[in-house]
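Please read the model alongside the notes below.

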Amino acid sequence: TALFYLVVAVSNLLVVMIPTIQGYGWVYASLFLVVNYLWTAWARIGVLRHITRDGGKPLVPAGSEVLFRVYDKTTRKGIPILLLSTDLGFVLVSQLEAGHYG
């Protein structure tokens, strides 16, 4: 996680210190998707441990973990696709603005 925070800190400094940098919205959108992916992975571990290993009294009714499993499956499959498509879209737009295409 320290490496991730280093990337986030450098990105924030670039956006703040160099106001003419293009694509700061893309940086924040990509960071949001990555953080959402990491949070889902972290929460998945907690949910699975609570269901299987703890063996204590369940905090939620039986079967309610299905909602999180659906969210987890959707997030793990959808976020990489969204991240790749937004990155490719940003590259295409920046190349068009630079005059390399079209």
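Helix α3 has a kink of about 30 degrees at G78, shortly before the proline P80. The bend at a residue is the angle between axes fitted to the seven residues ending there and the seven starting there. This is a predicted model, in which local features need pLDDT of at least 70 and side-chain atom pairs count only at pLDDT 80 or more, while totals for chains, interfaces and linings use all residues. Residues are numbered from 1 along each chain as its sequence is written, and side-chain values use heavy atoms, with hydrogens and water left out.

**Helix α3**
- Helices are DSSP runs (H or I, at least four residues), numbered from the N terminus.
- With 34 residues, α3 reaches 49 Å from its first C-alpha to its last, close to the 50 Å expected at 1.5 Å a residue; the expected span is 1.5 Å times one less than the number of residues.

**Burial and T75**
- Buried means under 20% relative accessible area, exposed over 50%, and partly exposed in between (1.4 Å probe, protein chains only).
- F68, D72, T75 and I79 are the buried residues of α3.
- T75 has a relative accessibility of 7%.
- Neighbours within four places in sequence aside, T75 is in contact (heavy atoms within 4.5 Å) with N36, Y37, T40 and P80.

**Q95**
- Q95 lies in α3, which spans residues 65–98, and is partly exposed at 25% relative accessible area.
- Beyond its neighbours within four places in sequence, Q95 is in contact with H100 and Y101.

Definitions and conventions
Helices (H or I, at least four residues) and strands (E, at least two) are DSSP runs, numbered from the N terminus.
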